[in-house]
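Q: Could you walk me through this one? I have not looked at it before.

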Amino acid sequence: MTTSFKPKDLSQKEIMLAPGHRMCSGCGAAIVVKMVLLAVNKPVVACSPTGCLEVTTCISDYTSWKIPWIHSAFENAAATLSGVETMYRVMKKKGRISEDIAFVVFGGDGGTYDIGLQSLSGAMERGHDMLYICYDNGAYMNTGTQRSGATPYGAATTTTPVGSAMNGKPQQRKNITQIMAAHKIPYVAQASLGFHMDLMRKVQKAMEIKGPKFLNILSPCHRGWRSKSDDAITLSRLAVNTCYWPLFEIEHGKTRITHTPNKKLPIEAFLKPQGRFAHFFQPGHEGMVREIQHQVDEEWNDLLCLSRDKEPEGQQAKTSSELALLHLGP
Amino acid sequence: MKTYAAVTGNEAMAEALRQVNPDVCAAYPITPQTDLMQNFSDFTADGRVTTEMILVESEHSAMSACIGASAAGGRVVTATSGPGLALMWEMLFVAAGMRLPIVMPVVNRALSAPLNIHCDHSDAMGARDSGWIQLWSENAQEAYDNLIQAFRIAEHPRIQVPIMVCMDGFIISHSIGMVDFLPDEVVKRFVGEFKAQDTLLDVTRPVSYGPLVLADQYHEYKAVQDAVMTDVFDVALSVADEFAEISGKRYGLFDTYRLEDADFGLIALNSAAGTCKDVIDEARKAGFKVGLLKPRLFRPFPYRQIGDALKHLKAACVLDRADSYGAYGPLFTEIASSLYPYATKPLMINRIYGLGGRDFLPVDVFGVIQEVAGALETGVVPETKKYISLRK
């Protein structure tokens, strides 16, 4: 059953996260939860690891969750929900439950890329019928912006600050979607709040597939990113249009880019509105901009090749115009 | 019909789980628990249980999956040993704090480092503050009986607390003992249907599990957790009454052997108690008026009842198969506390034995009996705490 994503129809649906939660005004995570749940047409049982979303939505005696929800610890959202999903299958088999229920994790990048990676990998490998959504804001935001495996190259965080001896995070971020794809799960995708139809279609597609699914959604955090509090959607669009955060899906191993920017913007367009990259624009730091542009271009190129079932080309530095020509293909 | 069979401790516990037929079991292998779950897996493969196994990728995930499954509203089990329990440590507190009646056999094994797969009690003792109920088992029969009763205690509407049932790794888990098995229908009727409350799968009545609780309320949450534990004594005893009716076996909060007329006593948990009983019979013949107290329920700890049972003794040796380095052993600390209210207390010594599977032999029991008898004569305790059977 296809959901209508017309704003008129969506506005009639109940938003399953009650207002009054403690998220910062302008937080991407709140939008992630609302958009995802709007795209689902059956009951959802959710799980969150410890993190911004979890602490802000459930503080005794209050909860913002209008759906059943569990938090148990930081590193085990996938394991916890796999237990719920298993009990559901048992109850269905025993005829004690008849509803069709969807199981969704809403986890931050810390609880997904780093401390939660083991339990995520295990749950994906075992084949549980659940959708794991990572709201990726690129650092441990809840504890004050410490670096995570998802933090981009060069970003200033409280554990990779910019100083005379260091220029922000030295490492690149992990490619979590490819890690998930390597588990050979039926559906892996990346989405952005700036492209809500694409995001919601992906959620809906995931709902129609049985088995483990993973969806990585960029979740701007103006505190940690040092950006304007009302820039979440703007930055979500810039991330896609600079190819920093490509929109694609890998369905049964087949990669498909779901949105190609009309004009691929230079990475500076995404970096400039964020204070965490301010040092990139200091004199003498031009190499950092070139480096991150190179990383973005390399990953975009690899993705293009995967989407055409080609082997990725040799890692040669390409100018942005050469790369711009590449994506004008079929 | 009852069956009386020669089985290992692991087989006995696996059989109890088969008869209970829990909804979900999350399992991860670790010596010496491994073949308990292997046996149980055979039952699932042959369709002798309808339990859905989650073959998780670590013990931390085993307990996490159990928490999710239990909150979803069904009967849930797992089992582990030693470092596996240690890895679950964070989640033990979560399970208890969430009041989920998960049942877990613990096949007692030493903690690393150094790495050691053999028996001691450091694993479960390390978890004594977690909020779990703890039952300790001397042999395969007790392990089987305790595991069946565990479901009724944990799931009791006034309790709703997770429970671990301990038995000695290798010594009991892998050696063969005689076990009186109850018929399947009797066990099934005894444990009954699991009645879940506030489940995650009731989508008409959404609940949130695992809130953040700040300094304005956390203290009260914990006070309630402690208060609930005081109800466990009555519940454990009434479950034991019912169990006696179906099995003919009478269990209490602890067991005693020739204690009532003893001058001095030994206090020990699990299999060492069995060795002590044999030696006590010999020692009695030699004129030592010695007896034994073997705790069964270790958490919550029945201070009043145990103090009452020991208060007449002139001296006692508490045998600990675990240590708290730089302090007295965990069992000693509890026994000493149970005797604190009395004006006259027995002379007490704490002897650490059997760590990492070091054998605890009749000669060792004789050794401590003579030590205590000697201390009684002289009125002097040279060393309150000491390790016995160290290599020279």
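The chat below goes through the model part by part.

Q: What kind of model is this, and how are things numbered?
A: This is a predicted model, in which local features need pLDDT of at least 70 and side-chain atom pairs count only at pLDDT 80 or more, while totals for chains, interfaces and linings use all residues. Residues are numbered from 1 along each chain as its sequence is written, and chains are lettered from A and ligands numbered from 1 in the order in which they are written.

Q: How many residues of chain B are in contact with chain A?
A: 36 residues of chain B are in contact with 35 residues of chain A. Contact means that the C-beta atoms of two residues, placed from the backbone, lie within 7 Å.

Q: Which element of chain B gives the most to that side?
A: H3(B), with nine residues. Helix H3 covers 59-71, and the elements giving two or more residues also include strand S2 (24-26) and helix H5 (89-97) of chain B. Helices (H or I, at least four residues) and strands (E, at least two) are DSSP runs, numbered from the N terminus.

Q: And how do the residues of that side divide?
A: Into 22 nonpolar, 10 polar and four charged. Here Ala, Val, Leu, Ile, Met, Phe, Trp, Tyr, Cys and Pro count as nonpolar, Asp, Glu, Lys and Arg as charged, and the others, Gly among them, as polar.

Q: Which strand of chain A do bridges join to S9(B)?
A: Strand S4 (residues 69-70) of chain A; two bridges join the strands, which run parallel. Ile70(A) has Tyr209(B) as its bridge partner. Strands count as paired if DSSP finds at least two bridges between them.

Q: Switching to S5(A): how many of its residues are buried?
A: Seven of the seven residues in strand S5 (residues 102-108) of chain A are buried. Buried means 20 or more other C-beta atoms within 10 Å of a residue's own, exposed means 12 or fewer, and partly exposed is in between, with C-beta atoms placed from the backbone.

Q: Which way do they point?
A: Ala102(A), Val104(A), Phe106(A) and Gly108(A) point one way, and Phe103(A), Val105(A) and Gly107(A) the other. In a regular strand, side chains alternate between the two faces of the sheet.

Q: What does S5(A) pair with?
A: S5(A) pairs in the parallel sense with strand S6 (residues 131-136) of chain A, over five bridges, and Gly107(A) stands opposite Cys134(A) there. Strand S1 (residues 44-47) of chain A is also joined to S5(A), in parallel, by four bridges.

Q: Now H8(B). Which of its residues are buried?
A: In helix H8 (residues 184-191) of chain B, they are Val187(B), Phe190(B) and Val191(B). Those residues lie on the same side of H8(B) because they cover an arc of only 90° around the axis, taken from the directions from the helix axis to the C-beta atoms.

Q: What about the other side of H8(B)?
A: Glu185(B) and Arg189(B) are exposed there. The buried residues pack against helix H1 (9-20), helix H7 (140-155) and helix H9 (218-247) of chain B.

Q: What are the domains of chain B?
A: Domain 1 (3-247) and domain 2 (254-387), with bounds that come from an automatic or database domain assignment. Their C-alpha centres lie 28 Å apart, and 29 residues of domain 1 are in contact with 20 residues of domain 2.
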